[in-house]
Amino acid sequence: MNLPTPASRTLDDMDCRIIVLLRAEPRMPNTEIAAKLGIAEPTVASRIRSLETDGVIRISAQRDFRAAGYEILASVDLGVRGRPVADISKDVAAVDGVAVITVVMGERPLMLLVIARSLQELHDIVAKQLASIEGVVSVETMVISDVVKYQSEFAALSPLLKAP
């Protein structure tokens with residue numbers, strides 16, 4: 001899956017303020033955003049739609065993997081050879097339990113996050129499915145024991161911008 005590339009556009013102050021409010025409360029109604037910012041609700045709706053269409057923001061629900069019955073979260077690095085990374089990535093994406101695939105520069109160009117219901121299921125995913133994909137030549141698995149920080153908003157709008 002390729003993420004949309006944001007169109008060349010400059011975010012104005014109102015766009016940034018809308019994003020700040022949505023980061024704080026993603027389910028905030030447009031009417032409430034409009035009231036907080038002193039603008040019309042159709043303006044808010046139009047701006048949010050434009051920000052989504054241009055790939056500047058994506059509003060989505062994130063599931064808690066443990067609440068969905070998964071007990072194990074692992075980082076799995078794959079070394080590859082003999083096939084294009086993009087082709088191997090497509091095969092990896094078809095494996096149940098692979099939650100995230102990233103392409104990185106280095107000895108193992110595919111970094112994955114894998115979820116599993118048990119250590120045995122993780123073993124089956126890694127040893128039987130991932131390791132058997134044509135072009136995968138090495139696998140390093142690290143079971144994640146704790147997530148200390150998870151921050152989904154990577155790109156800061158401005159260090160000085162505060163929610164209204």
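Analyst: Helix H2 (residues 30–37) and helix H3 (residues 41–53) pack with their axes 8 Å apart and at an angle of about 110°. Helices here are DSSP runs of H or I with at least four residues, strands are runs of E with at least two, and both are numbered from the N terminus. Axes are lines fitted to C-alpha atoms, for helices over the stretch in contact, and angles run from 0 to 180 degrees between N-to-C directions. The model is a predicted one, in which local features need pLDDT of at least 70 and side-chain atom pairs count only at pLDDT 80 or more, whereas totals for chains, interfaces and linings use all residues. Residues are numbered from 1 along each chain as its sequence is written, and side-chain values use heavy atoms, with hydrogens and water left out.

The angle between them is the reason why H2 and H3 are described as roughly perpendicular to each other; this class covers 65 to 115 degrees, while angles under 35 count as roughly parallel, over 145 as roughly antiparallel and the rest as oblique. On the H2 side, Asn 30, Thr 31, Ile 33 and Ala 34 take part, and they meet Glu 41, Val 44, Ala 45 and Ile 48 of H3; contact means heavy atoms within 4.5 Å. Sorted by class, this contact has 5 nonpolar, 2 polar and 1 charged residues. In this sorting Ala, Val, Leu, Ile, Met, Phe, Trp, Tyr, Cys and Pro count as nonpolar, Asp, Glu, Lys and Arg as charged, and the others, Gly among them, as polar.

H2 also has a contact with helix H1 (residues 13–24): the two axes cross at roughly 125° and come within 11 Å. H1 is therefore oblique to H2. H1, too, passes H2 in a right-handed crossing. From H1, Met 14, Arg 17, Ile 18, Leu 21 and Leu 22 meet Ile 33, Lys 36 and Leu 37 in H2. The class count for this contact is 6 nonpolar, no polar and 2 charged residues.

The strands form an open sheet in the order E2-E3-E1-E4 with antiparallel pairing, where two strands pair if DSSP finds at least two bridges between them. Strand E2 (98–103) and E4 each have a single partner strand and stand at the edges, so one side of each lacks a neighbour in the sheet. On average, neighbouring strands are turned by 20° against each other, direction ignored. Helix H4 packs on this sheet and touches E1, E2, E3 and E4, its direction making about 170° with that of E2. Helix H5 (residues 119–130) likewise packs on the sheet and touches E1, E2, E3 and E4, with a direction at about 140° to that of E3.

Within the sheet, E1 pairs with strand E3 (residues 110–116) in the antiparallel sense over 7 bridges, and Ile 72 stands opposite Ala 116 there. E1 also pairs with strand E4 (residues 136–143) in the antiparallel sense over 7 bridges; Thr 141 in E4 is the bridge partner of Val 76, and Val 139 that of Leu 78. Of the 9 residues of E1 (residues 72–80), 9 are buried, where buried means under 20% relative accessible area, exposed over 50%, and partly exposed in between (1.4 Å probe, protein chains only).

Ser 89, in helix H4 (residues 85–93), counts as buried because its relative accessibility is 13%. Residues up to four places away in sequence aside, Ser 89 touches Ile 101, Val 103 and Leu 110. Leu 130 belongs to helix H5 and counts as buried because its relative accessibility is 0%. Its contacts beyond four places in sequence include Val 76, Val 98 and Leu 112.

Methods:
Left-handed = near helix turned anticlockwise from the far one by under 90°.
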